[in-house]
Amino acid sequence: MARRQRTLMETAYQHIRELLMAMTLRPGDWIDDLRLAEQLGLSRTPVREALFLLASEGLVLVKPGGGFLVRSLDLVDISRLFEAHIVLAKAVAHLVVARITDGDFGELEAAEREVNQEMERRDPAGVSAANSRLHRIEARIADNEYLERLAGQIHDQGQRLGFISFGGYSEDIKTHFDAVRTDHAEIIKAYRDRNAAQAEEVSTRHVVLFRERIMRYFDTSAADGIDLTGEWITPAAGA
C-alpha cells in the first residue's frame, strides 16, 4: 500500500474507531461507508479498507455483498468475551511477573494514575479508554505477540462495555471505582513482589468485578434502551 493511501486509511480507521468506542456507531448499526467517506472528505476506498481492518479486529462484521455492520453486544458474546478475558488476564499476569523490567513500572504506574484521574472526573469515555490503555500496557509487557493481539480485541470490546456502564448511579459507581483502584494497586504490587500467584488471583478478581458491573448494568433500568440481541430500542416518550 502506497504511503499516501495508507495515511488516508489510517485517518479513516482512527475516526471510525472513535465512533465505535464512543457508541456513536452502536451495536447492530449498519455502517454507511459512502456517508463516512463524504464526512471525512475521502474517497470510498480508504474508508472500506479501514472497515475491513476493524472487521479483522472484531469490531465490525462484513456482510454478504460487502456491507458493514457494527458487531453486536449480545449476552452470548459477552459471556464468551469474559471467558476469554479471564484466561487472558491470568496468562498476562503470569508473564508480566516473569518479564517486567524496572523501567516498565514507571509507564504502568503512570497509566494507573491516569485511570484514577478519569474516575475522579466520572467521565465514562475517559475511564474506559484509560483503563483499556493500562491493560494493553500489561499485555505489551508480557511480551507475547499472540496474547497482545488477543488483548487488543478483548479490551476493544471491554472499552465499549465500560463506556455504557460507567455512568450514573453515584454511590454504586463510587463503590465500583474504589474496588478498581484497589485491584490496580494490588496487581502492580504483585508485579513488584514478583508474586505470580497473587498477580493471577487479583487479575482474575478484577475481570470478575468488571463482569459483575456489566451484568448489574444490564439488569437495571439504565439498560432499558438496549436490546441485548444487538437491536437498539427507542424509549417511549416521557420515559
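## Cavities in the predicted model

A search of the whole structure finds three cavities of 30 Å³ or more, a cavity being a set of points, on a 1 Å grid over the protein atoms alone, where a 1.4 Å probe fits but cannot get out. This is a predicted model, in which local features need pLDDT of at least 70 and side-chain atom pairs count only at pLDDT 80 or more, while totals for chains, interfaces and linings use all residues. Residues are numbered from 1 along each chain as its sequence is written, and side-chain values use heavy atoms, with hydrogens and water left out.

The largest cavity has a volume of about 340 Å³, a volume being the space filled by probe spheres set on the points, which are joined across faces, edges and corners. Its lining comprises 27 residues, of which His85, Asn131, His135, His155 and His206 lie nearest the centre; lining residues have an atom within 4 Å of a point. The elements that give two or more residues to this lining are helices H4 (75-99), H6 (124-142), H7 (145-165), H8 (170-192) and H9 (196-218), where helices are DSSP runs (H or I, at least four residues) numbered from the N terminus.

## The largest pocket

The largest pocket, with a volume of about 180 Å³, is an open set of points with protein on both sides within 12 Å along at least five of seven lines. Among the residues that line the largest pocket are Glu57, Arg71, Asp77, Arg80, Gln153 and Gln157. H4 and H7 each supply at least two residues of this lining, and H4 gives the most, with five residues.

## Helix H2

In helix H2 (residues 33-40), Asp33, Leu36 and Ala37 are buried, that is, under 20% relative accessible area with a 1.4 Å probe and protein chains only, whereas exposed means over 50%. These three lie on the same side of H2 because they cover an arc of only 100° around the axis, the arc being that of the directions from the helix axis to the C-beta atoms. The face of H2 turned away from the buried side carries the exposed residues Arg35 and Glu38. H2 is followed by Gly41, whose phi is positive, near 70°.

## The sheet

Three strands form an open, antiparallel sheet in the order E1-E3-E2, strands being DSSP runs (E) of at least two residues. Strands E1 (30-31) and E2 (60-62) are the edges, each pairing on one side only; two strands pair if DSSP finds at least two bridges between them. Two bridges join E1 to E3 (residues 68-70), and Phe68 in E3 is the bridge partner of Ile31.
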